[in-house]
Structures are given as structure tokens and as C-alpha cells.
Amino acid sequence: MSKELVSIIDVPKHVGEEVTIGSWVANKSGKGKIAFLQLRDGSAFFQGVAFKPNFIEKFGEEAGLEKFTAIKHLNQETAVLVTGTVKEDERSKFGYELDITDLEIVGESENYPITPKEHGTDFLMDHRHLWLRSRKQMAIMQIRNAIIYASYEFFDQNGFIKFDSPILSGNAAENTTDLFETDYFGEPAFLSQSGQLYLEAGAMALGRVFDFGPVFRAEKSKTRRHLTEFWMMDAEYPFMSHEQSLDLQEAYVKALIQGVLDRAPQALDILERDSDLLRKYIAEPFKRVSYDDAITLLQEHEADEDADYEHVEHGDDFGSPHETWISNYFGLPTFVVNYPASLKAFYMKPVPDNPDRVLCADLLAPEGYGEIIGGSERETNYDSLLEKIRENGLNPDDYAFYLDLRKYGSVPHCGFGLGLERMVTFVAGTKHIREAIPFPRMLHRIKP
Ligand code: AMO
């Protein structure tokens, strides 16, 4: 294809010019002498208009009619090279339109299964490879991309280097109940649940490090917040207190939201996400509440009309209705800090003077989007860590490398993991996590 193609998103730079766009026909309408094509190229959607008399004038009676008729008969998702003049058009959502002067079919499409009518979720999930072409899915993927980009930018600007943890691992990072096990030449190996333990080794070698890759959890939960394979942004940093770590996490989440506002405003528009609300989350300090204060609040409000949750006692874990209520109560992203040690992983450092509680925080997104970050200050003492490993029924031999980090120059250090798809769901304002990743892996869903 020798022609220089223009992306739809760049069309505003070419008003009055003739451009050629490589695209697909998302939809078609029109009557008699006029055909309207909804064109998409992955960057945006916009309308092209073909007018029969123009074709006849340009190509002559016979060839012009043939071209125009071919346009009128285009099927949904036919791939086309469309040439036309860019015009401003205030009536259209995109603000621009293409006055089509020529069209070449590149790839035919017949009986495209996803039509403009409503389809059920199962049908769409079975056709995920095609569903991704829809306007909403395009917008969500653009937001995902903006978050990834902003993440790399933030870490780079804050002195972090990327440190890739292995995916195959000989030990459990989080717990032993939701591991995917595989055979590694006769030995058991597990798909990584989190790169954290390896990242801690990285932090002792290189200082501030981060990791971004897929992690796996064999969680049998069928909720709108759980995937069995998801992408985690994990960071680890030495010589930092838990409070400083929360500041860093807050700055990070704000940078991600800002990145989406800057790089994917059109996607937010398509999803009708309230950008002012997102700006408010950047402008105001996040809330911080202790686990115990949160439990007390939940108890005090359990008879309220909007309190759609079960009674909780100090020591209980939160369910998603509790998280939703807490985040709605504060109306801002909220760190819940210092959970009971019994609810959290073995590697967290106890709160000084309160060993039943650990120096950790979950960041709850507002509007009921659930937990987006889990983080903590790590245990630095060799003996305490060893004891915790044993208490948790884990084999210290499997954690020899991790224990070593406490033998050779152990320092205070903290880290956190952000679930990319939870963040995407929150920023995009979409209710179900399955739309936040190209090909979701969930309970009973491994295809396509
Ligand atoms: P945690 O287990 O809290 O922490 O996970 C971190 C973040 O990952 C996301 N997440 C999920 N996203 C989709 N589907 C799931 N099944 C799922 N489970 C978790 C959430 C969560 O906040 N090692 C620590 C991180 C650290 O301290 O460095 C960890 O894995 O957004």
C-alpha cells in the first residue's frame, strides 16, 4: 500500500485536504443518492459521506455508478481505503466528516456476527476477538494504554528502574490457596501471583524498582472484580517509611488519572466518564483511615438506608459491599491502613506497639470500584520473618533467597502492587473487569 494513510484521530489536522484512511465499515446508512459510512480505524470512529452525483462527475456515468453502488452495498466490517476531503461538521460527535471521493475494498466481510442490535454478554465474550472492534471496547483499550504509558513515565521520573520478576516460581508470594501449579521437569512450579518477593531482591540491588507483568490467581470467585490472569504494576523501594510509601502511591495513582485525561480524553468522552470527577480525585488529598476506625464506622452506620452490607466485627475481612460503602462515605480514593496481621500475607511488618496489626494499606477506589492497590512495609528482621513463614505453614527452604535479604544489609523498605485492570475499570467507569483486558481469563473462561 503505497499511499500515505491518515489516522482518523489525526483528521482534524487535515481540514480541507484530501486524505486516505485505512479503515473498516462499522455501520452504514443512507438512501437514494447518499450513503453514510461509519468508519473506524482503531484510533476513532467517524462518518464518511458518499454522494452519487459527485462520483458520476468524477468517474463518468458508468464507472461512477459502479463505484457508488459498491459503496451502498458494503457489508459491516469490510476493510476499505477511503479517500475524501475532511470537513468540519458540528452536528457529528467527532466534529469532522469525510466527503468521500473514492473507495477501494481491501478485505471483504460477510455476515459479521456482532450487529448494531443488543447482544448478550456470553455471546459477546465468545466473540471477544471481534467485540474488541466496538467503540466502547476501543475506548477502554485506549485508556488501558494511557495508564500503562503514564505508569512507565511516572516510574522513570521518580528514579525507578524496571526489574522483571519471573513468571515461573518455586514459591507462593501471596498465599497457597490460589496457585496455578505446573510441572517443571518433575518439580512443582507455580505461576507468579505477584513479583513482589523478587522485586525486594531487586530493591536491595538497584534501589527503586518496578515490575509490570501478568500474574495469576486460581481464585474461584466469579465477581466483576476478579480475573485469574491480570497485569500488576508492582513497585519496591528501600529506605522509606510506610507513610512515605502512601504518599508515593497517591502521587502514582494521580499521575495515572492525569495520564488518561491528557492522552485519552476522546476515550473518556465515548464512555461518558465524568472528567471533572476524575480531576477532583487528582486535586484533593486521598483519605486515610485505619482498619479499626473503618470497622467502627461500618458498625455505626449499619442501620443506615444505604448500608447494604453485613455486620462486621474487628478482625473480620471486608467484603466488596463494605469496601463500596467506605469509599462512597469518603467520596475519594481511600487508603485503609493497618489491617489485622491474620488477614494479610506473611511478609508485612507489624505496627510498632500493636503486633496484631500490620503496616499495610489497601487503596479503595471511589464509586464502588473496589481495591486497586495492596501495599505494605515489609518485615526486615530475619527471625521474625522466619517465624511468620513457619506460622503460615510455609516451608522456609522455599523462601531461602527471601530470608537472605534480611541477612545481608536489611533495610526498611516498602512496596505496593496495583491491579491494572482494576485501575482501568475505575478510570473508564466501566462496571465489569472483563472489559478492561483484551482477552479476559476468568473462572470457566479461557477462550478465545
Ligand atoms: P494484592 O494481593 O493486594 O497485593 O494485589 C495487588 C492488587 O492486584 C489487584 N488484584 C486483582 N485484580 C484482578 N483480579 C484479581 N483476582 C486480583 N487480585 C488482586 C488489586 C490488588 O490491589 N504482593 C502484593 C503487592 C505488594 O505489596 O507489592 C499483592 O499481590 O488491584
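**Pairs, sheets and buried sides**

User: Which residue of β5 is the bridge partner of glutamine 47?

Analyst: Glutamine 47 has glutamate 97 as its bridge partner in β5. This is a predicted model.

User: What makes β3 and β5 a pair of strands?

Analyst: Two strands count as paired when at least two bridges are found between them. Strand β3 and strand β5 (residues 96–107) are joined by three bridges, so they meet that condition. These two run parallel.

User: How do β2 and β3 run, and how many bridges join them?

Analyst: Strand β2 (residues 34–40) and β3 run antiparallel and are joined by seven bridges.

User: Why is β3 described as largely enclosed?

Analyst: Buried means under 20% relative accessible area. Six of the seven residues of β3 (residues 45–51) are buried, so the rest of the structure largely encloses this strand.

User: Is threonine 78 called buried or exposed, and how do you know?

Analyst: The relative accessibility of threonine 78 is 1%. The limit for buried is under 20%, so threonine 78 counts as buried. Threonine 78 is placed in the loop between α2 (61–72) and β4 (79–88). Leaving out residues up to four places away in sequence, threonine 78 touches Ser23, Trp24, Val25, Ile105, Gly107, Glu108 and Ser109.

User: What is the strand order in the open sheet of eight strands?

Analyst: The order is β6-β10-β11-β18-β17-β16-β13-β12, and the pairing is mixed.

User: How do you know that the buried residues of α10 are on the same side of the helix?

Analyst: The buried residues of helix α10 (residues 291–300) are Tyr291, Ala294, Ile295, Leu297 and Leu298. Around the axis they cover an arc of only 160°, which means they are on the same side of α10. In general, an α-helix has 3.6 residues a turn, so residues three or four places apart point the same way. The cover over the buried residues of α10 includes β12, α11 (320–330), β13 (334–337) and β15 (354–358).

User: What do the buried residues of α6 pack against?

Analyst: They pack against β10, β11, α13 (400–404) and β18. In helix α6 (residues 196–206), the buried residues are Gln196, Leu197, Leu199, Glu200, Gly202 and Ala203. Glycine 207 follows α6 and has a positive phi near 85°.

User: What is the order of the open sheet of three strands?

Analyst: The order is β7-β9-β8, with antiparallel pairing. The edge strands are β7 (168–169) and β8 (181–184), each pairing on one side only.

User: What makes β8 and β9 a pair?

Analyst: At least two bridges are required, and β8 and β9 (residues 187–191) are joined by four, so they pair. They run antiparallel, and tyrosine 184 stands opposite glutamate 187 in β9.

User: How many helices and strands does the chain have, taken whole?

Analyst: The chain has 14 helices and 18 strands. Of its 448 residues, 50% count as buried.

Methods: Residues are numbered from 1 along each chain as its sequence is written. This is a predicted model: local features need pLDDT of at least 70, side-chain atom pairs count only at pLDDT 80 or more; totals for chains, interfaces and linings use all residues. Side-chain values use heavy atoms; hydrogens and water are left out. Buried means under 20% relative accessible area, exposed over 50%, partly exposed in between (1.4 Å probe, protein chains only). The arc is that of the directions from the helix axis to the C-beta atoms. Contact means heavy atoms within 4.5 Å.
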